[in-house]
Amino acid sequence: MNDRELKKMEGRWFLQYSGCPLWKKGSIDTISFNYELMHKGENLVLKEKVEFRKNGKMKIKRGFEIPTEGSDVLHWKGIGVNKFFRNESKVLYNKEGILIMWFEKTISTPESIDVLTRKKHLSAEESAYIFSILENLDETSGYIGELESVNIL
């Protein structure tokens with residue numbers, strides 16, 4: 001993943017649809033991913049802060065998205081209480097304020113995709129447009145049936 005693609009990810013994104021059971025729990029809502037571009041040694045990485053409410057209380061998960069040279073693969077490495085957690089993801093689409101990402105299977109989560117947008121709330125037309133994108137991407141066809149809307153308050 002090149003520096004320009006990393007720069008396009010910088011900023012705040014709201015999780016709209018997910019195939020990951022962790023984010024589909026009724027006790028979790030309003031999930032946002034905040035990416036900050038920074039240098040770690042000589043390499044550019046994305047410092048990640050995921051904010052969400054669980055049972056009405058704010059929670060934060062922190063880590064780094066570290067790009068793999070020559071591919072769209074990112075290696076996530078947790079920091080703080082998450083320092084022993086790792087996973088791999090891949091950017092499948094990042095245009096028009098829509099970010100679609102694939103996540104590998106881990107010990108606690110299945111392989112899945114997430115759909116994030118710059119906008120917190122979407123209209124029915126915007127949601128339909130996102131699903132038309134998903135239907136036209138070869139990499140997402142096997143995951144569309146597992147996607148569920150995420151609670152956003």
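The model is predicted, and the values below are computed from its atoms. The secondary structure of the chain comes to two helices and nine strands, and from the N terminus on these elements follow the order α-β-β-β-β-β-β-β-β-α-β. The radius of gyration is 15 Å, close to the 15 Å that the globule rule gives for 153 residues, so the chain is as compact as a globular protein of that length.

**Overall dimensions and packing**

- Taken along the principal axes, the C-alpha atoms of the chain fill a box of roughly 45 × 35 × 30 Å.
- Buried residues make up 42% of the 153 residues in the chain, while the chain exposes about 8500 Å², of which carbon and sulfur atoms supply 51%.
- Among the contacts in the chain with a separation of 6 or more, 46% are accounted for by residues 24 or more positions apart.

**Nonpolar cores**

- In soluble globular proteins, nonpolar side chains tend to be buried together.
- The largest nonpolar core has 22 residues, and the members that touch the most other members are M9, W23, I31, F33, Y35, L99 and M101.
- Two or more residues of this core come from each of the elements α1 (3-9), β1 (11-18), β2 (28-40), β3 (43-54) and β7 (98-103).
- Another core, of 14 residues, lies apart from the largest one, and its members include I98, I100, I133 and Y143.
- F33, one of the residues of the largest core that touch the most other members, has contacts with G11, R12, W13, L15, W23, E48, K49, V50, D114 and L116 when residues up to four places away in sequence are not counted.

**The surroundings of T117**

- T117 is found in strand β8 (residues 112-117), and with a relative accessible area of 2%, which is under the 20% cut-off, T117 is therefore classed as buried.
- The side chain of T117 makes a polar contact with the side chain of Q16, at 3.0 Å.
- Leaving aside residues up to four places away in sequence, T117 touches W13, F14, Q16, G97, I98, L122 and I130.

- T30, although not a glycine, has a positive phi of about 50°; T30 has its place in strand β2 and is buried, with a relative accessible area of 12%.
- E96, likewise a residue other than glycine, has a positive phi near 55°; E96 has its place in the loop between β6 and β7 and is exposed, with a relative accessible area of 56%.

Note on methods: Residues numbered from 1 in each chain as written. Predicted model: local features only at pLDDT ≥ 70, side-chain atom pairs only at ≥ 80, totals over all residues. Heavy atoms only, no water. Core = buried A, V, L, I, M, F, W, Y, C linked by side-chain atoms within 4.5 Å. Buried < 20%, exposed > 50% of the residue type's maximum accessible area, 1.4 Å probe, protein only. Helix = DSSP H or I, 4+ residues; strand = E, 2+ residues; numbered from the N terminus. Contact = heavy atoms within 4.5 Å. Polar contact = N/O pair within 3.5 Å; in protein donor to acceptor, adjacent residues only side chain to side chain. Rg over C-alpha atoms; globule rule 2.2 N^0.38 Å. Areas by Shrake-Rupley, 256 points an atom, 1.4 Å probe, with all protein chains shown as cover.
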